[in-house]
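Please read the numbered points alongside the sequence and the coordinates.

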Amino acid sequence: MTHSEIEAITERYENRESAILSMLQDIQAKEKYLPQEALERLGEKLGIPMNKIYRIATFYRAFSLTPKGQHEVCVCIGTACHVRGAQRVVDQINLELGIRPGETTKDRNFTLETVNCLGVCAAGPVAAIDGQYFGKMSPAKVGGTLKKFRSDKKKKEGANGKA
Amino acid sequence: MARLSSPQELGKYRDEILSKRNPDQPLITVCGGTGCHASGCHAVVDAFRKVLQEKAKGNGIGLRVTGCHGFCERGPLVVIHPKMVLYQKVKPEDAPAIFQETVLNGKVLENLLYEHPATGEKIATEEKVPFYQKQRRIILGNNGNIDPTQIEDYLAVGGYRALAKALFSMKPEEIIGEVKKANLRGRGGGGFPAGLKWEQCRNAPSDIKYLVCNADEGDPGAYMDRSLLEGNPHSALEGMIIGAYAIGSHEGYIFVRHEYPLALENIGIAIQQARELGLLGRDILGSGFHFDIKISRGGGAFVAGESTALMATIEGNVGEPRAKHIHTVVSGLHDKPTNLNNVETWANVPVIINEGADWYGRIGTEGSKGTKIFSLVGKVNNTGLVEVPMGMSLREIVYDIGGGIPGGKRFKAVQTGGPSGGCIPESMIDLPVDFDRLTEVGSMMGSGGMIVMDESTCMVDVAKYFMNFLKDESCGKCTSCREGTKRMYELLADITEGRGTMDHLCLLEDLGWVTAEASLCALGGTAPNPVLSTIRYFRDEYKEHIINKQCPAKVCRQLLQYRILSDVCTSCGRCSKVCSVKAITGKQKTKKEKGEPFEIDAEKCIRCGMCFESCKFEAIEVQ
């Protein structure tokens, strides 16, 4: 992120230190993670030490200090989804992609995350991929759902295989 | 749009809006709540838009995307006014037929109606559907009638009338008196009397006072605040402005959970529109009273829903709770008196002011007045949001409204109160649901999540699930909570993975007690509830795991054995294809050969259950 982009974000909140959470959220939304340089610039701009920024950035689930994959697979593990078998959906994704929650595939295509409740309990178990909801998930549906988001090469292979 | 500078102008503006609306004119409303979103309501809205553009230009037939109707299980939902015909599970390709037959010709399309599960009777209107019949939707009711992004819709159903009444014909003390008399108790968790809180905040000496709306609905399995903010944001806003006037606050915050983007968007629009009309900001409705609201976003931490942690988050600090030797109503946000209530509580305020405390007090039980919105989810036929008078029995909620348990399975328990609550067993299904009764049986109201569990839900697994949640969400400030939740989780993991002993149970009970007693905030203070309540009511199930190393509900993976029934197996080979660890072998049948039954190698099997799920002949048994 450039200096001016950081400045635009801090000015949106009148350079108020108390709005740091919102500023971090704006950086996260743009970059999909919190790059170290961006945090350093933010610290200089607001005149606060890095340890305070890190403390906040590591406390909240919404932030990530490492880059995320192109597609974010978010499985809801709220109670309603849990009793309908959400953990088995997570396990199956783990088997398919080889990543655990919080991790990103080597090709940077997928990041797997779990969330405590998406508030779409009626359709549970729910997974959201890039904000698009997939309701009534089951381990058997995982492969097909992920296929739509596979990088081009794999998608082609999948299509060929089908033909 | 001009600012409204008196209650008369507000009344006039409302009349103007109503005069332009003909209640007999056909109107198509589509539910735009998140539940219906997930089942594809967007495409349905687009389809209706297209049909209207092609066939009904300029003849006044309206299309409205509303908030959540509650019956999420059956979404996308469409209601055709004025006859209020309810169509469920509507697909985009149904739009032309609905327009042609129902909107233009007044005929009802039978295939889209809700069918009574017992009698098979087709039901045409919302009010006759059993899911809605026993509900009393005084807070949620308008969700289905208004477009949350149009303040005119809220004004048309009588919105901001309570605000005008409060500002111009009631003294702040009178408002507090009314809320106290109505015995409105906080809907966010603890059930503290809101009127009392307001009074303490009003009496606290300070020039600046803050008012906060808690929309950090963190309980997994609860989404009523989300639906209210998404579907009827002005109702909470109006409650807040009335509260601010009563308390003497001029600055407020709405703290919205980061996982709720649509709620964030809709409340932002609502604040903007209310400001433009002079219902928020300086000199509200010409009364001289000013109050404005800022939106604050959460960062995805459950503990930040606790009042002191929430205030720390607004201040830009990490969301750690502090000791409440001095209550937040005296010293809260920025060390000033702060009054915090959640979305549903605020949305109750306009109703109390409009209808009066006496009317309100006639709904509910002795200690808990009014209605409560529950998210009825889990193993129940009609999942969705339900609003019922306090004191309705669990049986009525689960069976009459919820339609019972799917697949003919047996009801086992209801979990209420989120991670702070507990599990209520089948023997207590006639329990009237209110604040005090739920606490008596070792659970709590919480924000209103009601997760139904059936015989295929393992109670030890449920306890482990909550402890996993709590150990992750504990902020770490108190050792008892940080370590207690972690160790309880490990003990529960031992039990579910076959390493449990009876000593584990004693340890769990001891640890639970210490965690509750020695932790600062409610997260730690109530953390053992899911464990203690399941041990209390489902001890036999724990013993089954510990002594016989079996999970009766067939959930705990490490205790399961998958086996193929050789006399049922058709040798189709499907299970072997889906097995990711190649643990299933056999001879697949071909056109020429018969094949041989398949077998599972228990050593290799990782018990993922894919074979069980993929078998079409029920040839796989779980033990």
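1. pLDDT is the predictor's confidence in each residue, on a scale from 0 to 100. This is a predicted model, in which local features need pLDDT of at least 70 and side-chain atom pairs count only at pLDDT 80 or more, while totals for chains, interfaces and linings use all residues. Residues are numbered from 1 along each chain as its sequence is written, and chains are lettered from A and ligands numbered from 1 in the order in which they are written.

2. Confidence. Chain B has a mean pLDDT of 92, with 100% of its residues at 70 or more. Within chain B, helix α11 (residues 233-247) has the highest confidence, at 97, and helix α2 (residues 34-38) the lowest, at a mean of 84. Helices (H or I, at least four residues) and strands (E, at least two) are DSSP runs, numbered from the N terminus. For the model, ipTM is 0.85 and pTM is 0.90.

3. Chain A. This chain contains eight helices and four strands, and its elements follow the sequence α-α-α-α-β-α-α-β-β-β-α-α from the N terminus on. The C-alpha trace of chain A spans about 55 × 35 × 25 Å along its principal axes. Of its 163 residues, 41% count as buried, that is, 20 or more other C-beta atoms, placed from the backbone, lie within 10 Å of the residue's own.

4. The interface. In total, 38 residues of chain A are in contact with 43 residues of chain B; contact requires C-beta atoms, placed from the backbone, to lie within 7 Å. On the chain A side, two or more residues each come from α2 (20-31), α4 (50-59), α5 (79-83), α6 (86-97) and α7 (139-147).

5. Domains of chain B. An automatic or database domain assignment supplies the bounds: domain 1 (25-81 + 85-124), domain 2 (157-360), domain 3 (371-454), domain 4 (459-546) and domain 5 (561-622). The centres of domain 2 and domain 5 of chain B, taken over C-alpha atoms, are separated by 58 Å.

6. A sheet in chain B. Five strands form an open sheet with mixed pairing in the order β12-β11-β15-β13-β14; strands pair if DSSP finds at least two bridges between them. Because β12 (384-389) and β14 (422-425) of chain B stand at the edges with a single partner strand each, one side of each has no neighbour in the sheet. Strands β11 (residues 371-378) and β15 (residues 449-454) of chain B run parallel and are joined by four bridges. L376(B) has M450(B) in β15(B) as its bridge partner.

How values were computed: Two residues are in contact if their C-beta atoms, placed from the backbone, lie within 7 Å. A residue is buried if 20 or more other C-beta atoms lie within 10 Å of its own, exposed if 12 or fewer, and partly exposed in between; C-beta atoms are placed from the backbone.
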